[in-house]
Amino acid sequence: MISVYIDLAIGLILAFLLLSLLVSGINEAFVRLLGIRSKFLWAYLRDTLDGSSEDGRSWIPSKIADVFAKLPFSGNDPRPAHSPDPAPAVVEPMRVDAATVLAAENAEEKVSEEIAEGIAPESVAGNTAEEIGSDEAGVGEPAAEDRAEPLTPPVDMTTRLYERLQEIDHPKGTRTSIANIPPERFSGAVMELVAAEEGGIEGLLAKLEAINSPLAGHLKGVWEGAQRDLPRFRKGVEDWFNGEMQRLSTLYARYVKWVVFALGVVLTLAFSMDALEYGKTLLRDNAYRAGVAAIAGGGGEGYAELKEKCAAAGAELAEPYRCVTESLSSPALVKIFDHAIVSVTIPPDGSADPSFHWNGGAWWDRLITPGHWPGYLLTMVALLFGASFWWDVLRRLTGVRGNRS
């Protein structure tokens, strides 16, 4: 009796494992084809390095529809353009004069306070930046091109980071395909950007603050936490980025679960996989095999039932020997997808090619039958656990041990 229940458990686990592998395969193919994982990573990096997009929105999707609809098909790709060239040998410093930007901001704040107090007219607010720029340059009246040039030139920090990571990229279209950045590689890239600045970390932080990069706050916290020690700062950046990647993976997995559930629903209904009915089929299959084994051992009490089963199978299998051979070669696991909307029949002897059959009518009748709905629901819930979970359960149940290094 214990063997029967073990066979039942193994059969159900195998069925859930096969369906979970199919769900995972479809999801992974979709993710790789559209580069969703890579776009998700670089959307986070855009938010962290450069801030929000031009329309003021976060690059990271906030809804599941944005992850698998807007993010893959939007023309606003967060990934930098792929470059087949190696990383530049010399890292250029950021072309930002942090002192000028800071002076302009202080002047504008002072003018705003004076306007609020009624000391200065509102018309002077727009000329503050130009006046500061001309004073820093030592010129009384700035030229037209100097007035048009902004105090904070646009700096693409994401592209600057990608230049230090080009060696781990491989060609795949016009955009980078990097979907994972090792924390130690990220900290090394940050240290290369630090080395390019004249003031070191302090100089880089000043310029990041000047261009309003969110990275300035993160690096400043790490720098102060490391007590301004350079080796500890690099280790702190590595730990910070590793924690951010774990948080990002958790967020991504939360979105993927909904996609896996949707795929599980579609496949469960497409294959008409009723887990409860399949469990009954497994029990009947075990009982039939036990009856055949009893007859082979000399017992004749099950022969009448065997003849009745073979007669019900049709004229082609009326002979008990052929009936037993066909039944034993077609266990319940082989028939798991017999009720799919399109079923596949593979001849046991290999004498003919596989045949496909349209089961639209029978499939729809099963789909609208309330008696199958609990089994469908059980299958959908089981697929949420994923293929890795069912493989681990099967391995523990059968005693198969994985390779250990």
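Colleague: I am new to this structure, so where is R228 found?
Modeller: This model is predicted: local features need pLDDT of at least 70 and side-chain atom pairs count only at pLDDT 80 or more, while totals for chains, interfaces and linings use all residues. Residues are numbered from 1 along each chain as its sequence is written, and side-chain values use heavy atoms, with hydrogens and water left out. Helices (H or I, at least four residues) and strands (E, at least two) are DSSP runs, numbered from the N terminus. With that numbering, R228 sits in the loop between α10 and α11.

Colleague: Thanks! Is R228 buried or exposed, or partly exposed?
Modeller: Buried means under 20% relative accessible area, exposed means over 50%, and partly exposed is in between (1.4 Å probe, protein chains only). The relative accessibility of R228 is 46%, so R228 counts as partly exposed.

Colleague: What is the phi of N212, and where does N212 sit?
Modeller: N212 counts as exposed because its relative accessibility is 58%. N212 is not a glycine, although its phi is positive, at about 60°. As for its place, N212 belongs to the loop between α9 and α10.

Colleague: Which helices do the buried residues of α8 pack against?
Modeller: Among the buried residues of α8 are P183, F186, V190, M191 and L193. Contact, as used here, means heavy atoms within 4.5 Å. The buried residues of α8 pack against α7 (157-163), α9 (200-210), α10 (215-225) and α11 (230-271).

Colleague: Which residue forms a salt bridge with E192?
Modeller: Side chains of opposite charge can pair when their charged atoms come close. A salt bridge is a side-chain nitrogen of Lys or Arg within 4 Å of a carboxyl oxygen of Asp or Glu. The closest N and O atoms of this pair are 2.5 Å apart, and the partner of E192 is R164.

Colleague: How many residues apart are E192 and R164?
Modeller: E192 is partly exposed because its relative accessible area is 33%, whereas R164 counts as buried at 10%. The pair links distant parts of the chain, with E192 in helix α8 and R164 in the loop between α7 and α8. Their separation is 28 residues.

Colleague: Which side chain of opposite charge is nearest to R160?
Modeller: R160 belongs to helix α7 and is buried, yet has no salt bridge. Lys and Arg count as positive and Asp and Glu as negative, with His and the chain ends not counted. At a distance of 4.2 Å, the nearest side chain of opposite charge is that of E197.

Colleague: Which residue does E197 form a salt bridge with?
Modeller: Both members of this pair are buried. Their closest N and O atoms are 2.7 Å apart, and the partner of E197 is K207.

Colleague: What separates the C-alpha atoms of V23 and L263?
Modeller: V23 lies in helix α1 (residues 2-34) and counts as buried because its relative accessibility is 3%. Beyond its neighbours within four places in sequence, V23 has contacts including V260, L263 and L383. Though V23 and L263 are 240 residues apart along the chain, their C-alpha atoms are separated by 6.1 Å.

Colleague: One last thing: what is the area of the nonpolar surface patch?
Modeller: Patches are made of residues with over 30% relative accessible area and no salt bridge; like charges are joined within 9 Å, and nonpolar side chains (Val, Leu, Ile, Met, Phe, Trp, Tyr) within 5 Å. Accessible areas come from the Shrake-Rupley method with a 1.4 Å probe, and for residues only the protein chains shown count as cover. One of the members is V381, which lies in helix α16. Together with residues including W258, F261 and L377, V381 makes a patch of about 770 Å².
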